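Dear colleague,

Please find below the structure that I am handing over to you.

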Amino acid sequence: MDANILVRGSVTRRTTQEISANQVYTKQLSVNNIGSNSAILINQLSFQPVALFKVNNETKIIFDNHGSVGIKTTNTQYYDLYVNGYTFSKYYIGDGADIYNLNTSKVSAGVLDVEYGGTGVTSSTGSGANVLNTDPVLSGVISGGTFSGNGSLLESLNTSKVSAGVLDVEYGGTGVSTSTGSGANVLNTDPVLSG
């Protein structure tokens, strides 16, 4: 069929027809499918888009011949779905490796691993510039007003920096802080030695 068609009532399809038309004007197109096949079947045999949906002659949705869908654009750039605007979804599932401009203030679940710039843990071991690792390995110069805890694994300590406490005999000290000495200690300015 190659002609202008004006329909004022219902259309009943008895056999397959080829329709070639440049423009079709209608107030509303409604399809009620009561059969066992698809309500609409479009088989594109050329390199042109399968379908264009326009508003006031401006393309809003395109189904191109590559199987891609474009929204507010006519160029899908070969993406399966290309949206030239904002999208909203309650959930996204799949690989998010190419998502960028993420706002960390919107993060509400999960723990960022150390290899990606996070701490890998959820509990805080300090305040201020927190070290949030259960067994951190630090390098460089570390300064602080006060350090507390077990220092048994510290090494390369400088005795000229000692400003408090008395080193016991069992660790190579004298165990006393006076010059008179006691026991096996020699802390006298004029000691008498024997043996």
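**Findings**

A polar contact of 3.2 Å joins the side chains of Tyr92 and Thr87; such a contact is a pair of N or O atoms within 3.5 Å, where within protein one must be able to donate a hydrogen and the other to accept it, and residues adjacent in sequence count only if both atoms are side-chain atoms. Please note that this is a predicted model, in which local features need pLDDT of at least 70 and side-chain atom pairs count only at pLDDT 80 or more, while totals for chains, interfaces and linings use all residues. Residues are numbered from 1 along each chain as its sequence is written, and side-chain values use heavy atoms, with hydrogens and water left out.

Tyr92 itself lies in the segment after strand S4 (81-83). With a relative accessibility of 62%, Tyr92 counts as exposed (buried means under 20% relative accessible area, exposed over 50%, and partly exposed in between, with a 1.4 Å probe and protein chains only).

As to the overall fold, the protein has 0 helices and 4 strands, and its pattern along the sequence reads β-β-β-β. Helices (H or I, at least four residues) and strands (E, at least two) are DSSP runs, numbered from the N terminus. Of the 195 residues in the protein, 5% are buried. The accessible surface comes to about 19,000 Å², and 51% of this belongs to carbon and sulfur atoms; these areas come from the Shrake-Rupley method with a 1.4 Å probe, and for residues only the protein chains shown count as cover. Among contacts between residues at least 6 apart in sequence, 0% join residues at least 24 apart, contact meaning heavy atoms within 4.5 Å.

Thr76 is found in the loop between strand S3 (69-71) and S4, and its relative accessibility of 4% makes it count as buried. The side chain of Thr76 makes a polar contact of 2.8 Å with the side chain of Asp64. Apart from neighbours within four places in sequence, Thr76 is in contact with Ile62, Asp64, Ser68, Val69, Gly70 and Tyr82.

The structure holds 2 aromatic pairs (rings of Phe, Tyr and Trp, the last by its six-membered ring, pair if their centres lie within 6.5 Å; planes under 30 degrees apart count as stacked, over 60 as edge-to-face and the rest as tilted). In the case of Phe53 and Phe63, the ring centres are 6.0 Å apart and the planes stand at 70°, so this pair is edge-to-face. Because Phe53 lies in strand S1 and Phe63 in strand S2 (residues 58-63), the pair ties together parts that are 10 residues apart in sequence. Phe53 is partly exposed at 45%, as is Phe63 at 34%.

Val50, in the segment before strand S1 (51-55), is partly exposed at 32%.

Finally, a search of the whole structure finds 1 salt bridge, defined as a side-chain nitrogen of Lys or Arg within 4 Å of a carboxyl oxygen of Asp or Glu. Glu58 forms a salt bridge with Lys60, and their closest N and O atoms are 3.7 Å apart. Glu58 is partly exposed at 47%, and Lys60 is partly exposed at 27%.

With kind regards
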